[in-house]
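Here are my notes on the aromatic contacts. Please read them with the model open.

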Amino acid sequence: MITEEATEVAPAPVRVPTAADRRPPRRNRAWDEAPRWQIYLPLSIYLVFTLVPFYWILLFALRPAGSTSLVPWPMTSDHFEKVWNERDFAVYFQNSVLTGVATLLLTTGVALAGGYALARFDFRIKRGFMLALLCTQFVPGALLLVPLFQIFAELKMINSLGSVIIAETVFQLPLSMILISGFIRNVPYSLEEAAWVDGCNRLTAFRIVVLPLLRPGLIAVGSFAFVHAWNHFLFALMFLSDQSKQTIPVGLNTLMSADSVDLGALAAGGIIAAVPVVIVFAFIQKWLITGFSAGAVKG
C-alpha cells in the first residue's frame, strides 16, 4: 500500500516595514546644494526681460510729452485724458465691453449644450464631427473675411456690433465645445442617474447636479472667449465703418498715421486696453487653473 505524506508549505515570511521605508523620497542633493545665485539669476533675467516692455509703456504714458527721462517724474495724466476724451476711447471701451460680454455669454451657452451632447451621447458621426471641430482651428480668420462680409451684407448687419459678436462666437465655439465636453466627462454619470431616480428629468438633473461642478471649466472657457473678443482687431476693422461702433484695437490703430505716431497717447491707450483684462484674470486665476486642470484629465 502506497501512502502519500502531505507536505506542509511554509508561509512566506512577512516583511515588516522599516523606518527607511517610511522616509520621504530623497531629493536631488545637487539641486539643494546649488548656490542660490544659480537659481535667482536666471529668474531675475527672465523677470527683467518680461517687465521692461511694460515699464516702457508706463514711462511713455506717464511722463510729459517731449521728455526723455527714464523715470516718469513729474507724472502727468494728459495722455490718458487725451485718448479718453479727444480720441473717443470712452466709446471704444464701451463697445469692447459689450462685444466681449456678449461673445462670452453666447460662446459659453452654445458650447455648453454642444459639449454635453458630445460627452453624454454616442452617435454615428461623432468622431467625424470632433475631427471637423479640430480642423477648424487651422483655418485663419482672414481667409473667411470675404464670405463673412457677403453674408453680413445680405443680412443688413454691416456696421453693427452684432456682426462682430457672431463672427467671434463662431470662431470660438469649436475649441470651447471640445474643452467643455472634457469637463463634463469628468463629472460621474452616476450623479445624473441618481438625480433621475429621484424624479428629475435630464434638464433638471443637469442644472442641479452637473452645472455647479462645471464652474471652473465655464470660467476658463468664458475668460478665453472674452479676451479673444476684446483683443481681436480684424473683424472689428472689416465689419465696422462707423467710428462710434469701433472697439479698442481699432481705436489704437487710429493713433498711428503714416506721418507720425503719438507715442504717449498710444501707450496710454494700450494701458487702458490691458488693465481691465489684467484685473479680471487677477480675480479668476484660481478658477482658471482649477478649470484647466480638470479639463486636462480626460477628453
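1. Ground rules. This is a predicted model: local features need pLDDT of at least 70, side-chain atom pairs count only at pLDDT 80 or more, and totals for chains, interfaces and linings use all residues. Residues are numbered from 1 along each chain as its sequence is written, and side-chain values use heavy atoms, with hydrogens and water left out.

2. Pair count. Rings of Phe, Tyr and Trp (its six-membered ring) pair if their centres lie within 6.5 Å; planes under 30 degrees apart are stacked, over 60 edge-to-face, the rest tilted. The count is 12 aromatic pairs.

3. Phe 89 and Tyr 92. This pair is edge-to-face, with 5.4 Å centre to centre and 70° between the planes. Both residues lie in helix H4 (residues 89–120), 3 residues apart, about one turn of the helix. Helices here are DSSP runs (H or I, at least four residues), numbered from the N terminus. Both Phe 89 and Tyr 92 are buried (under 20% relative accessible area; exposed is over 50%, partly exposed in between; 1.4 Å probe, protein chains only).

4. Phe 171 and Phe 235. Their ring centres are 5.3 Å apart and the planes stand at 50°, so the pair is tilted. Phe 171 lies in helix H7 (residues 161–185) and Phe 235 in helix H11 (residues 234–239), so the pair ties together parts 64 residues apart in sequence. Phe 171 is partly exposed, at 21% relative accessibility. Phe 235 is buried, at 0%.

5. Cluster. Ring pairs join Phe 149, Phe 152, Phe 171, Phe 235 and Phe 239 into a cluster.

6. Charge over a ring. Arg 63 lies over the face of Phe 60, 4.6 Å from the ring centre. The criterion is NZ of Lys or CZ of Arg within 6 Å of the ring centre and within 35 degrees of the ring normal.

Terms used: Helices (H or I, at least four residues) and strands (E, at least two) are DSSP runs, numbered from the N terminus.
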